[in-house]
Amino acid sequence: MPSLFPVPTARRIDRQRLLSVALIPFAAAIAMASTVAATGFTASPLGEANSTLGFLLDFVKFCYLAVAMAHLSGAIADHTCGSLAAGLSMDEYDAPEPVSKDEFWRAFPNHVDGAAIAGAVTMLSVIAGSLVG
C-alpha cells in the first residue's frame, strides 16, 4: 500500500542537535526562573504564579515554544529560500566541509523533528501547568 506522505528515516542521530532541542531549553528555563525569582521580593514574580512549580513551568513553556518556533521557521526558510548550511548551531559553519542539505534532513533531529519535540514539551508543560494551577 503506497503511503500518502513518505516519511524519511534518519541515517544518523546528531547528539548535539538532540541536546540543543531537548535539554538546553530546560536548563535555560531553570536558570531564567531562578534568576527572576531571586531578583527581589518587592514585586514578587512568584506571587503572580499559583506555585513555585507553576512559575517554573511558565518559563519551560516559554523556552520550548521559542525553540519550536525557531525550528519551524528554519524549516520554512530552508524549503522556500533554498539550503544555506541549514544547521541548528553556528558550529556547523566552522566544520571542515559544510553539511549538505540531504545529509542535514536525513539526520535526527532536523528542523521538523526539533519543532515537533519542542512543541510536544510545550504542550506537556501547558497540561502540567493547568494541573498544578
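Okay, quick one today: which residues in α2 are buried? That's P25, A29, A33 and A37, with buried meaning under 20% relative accessible area, exposed over 50%, and partly exposed in between (1.4 Å probe, protein chains only). They cover an arc of only 100° around the axis, so they sit on the same side of α2; that arc is taken from the directions from the helix axis to the C-beta atoms. An α-helix has 3.6 residues a turn, so residues three or four places apart point the same way.

Before I go on, the ground rules. This is a predicted model, where local features need pLDDT of at least 70 and side-chain atom pairs count only at pLDDT 80 or more, while totals for chains, interfaces and linings use all residues. Residues are numbered from 1 along each chain as its sequence is written, and side-chain values use heavy atoms, leaving out hydrogens and water.

On confidence: pLDDT is the predictor's confidence in each residue, from 0 to 100. The protein chain averages 78, with 71% of the residues at 70 or above. Helix α6 (residues 111–132) comes out highest at 92, and helix α3 (residues 45–48) lowest, at a mean of 58. Where pLDDT is low, the predicted coordinates should not be read in detail.

Overall fold, then: the chain has six helices and two strands, in the order β-α-α-α-α-α-β-α. Those are DSSP runs numbered from the N terminus, H or I of at least four residues for helices, E of at least two for strands. Of its 133 residues, 27% count as buried.
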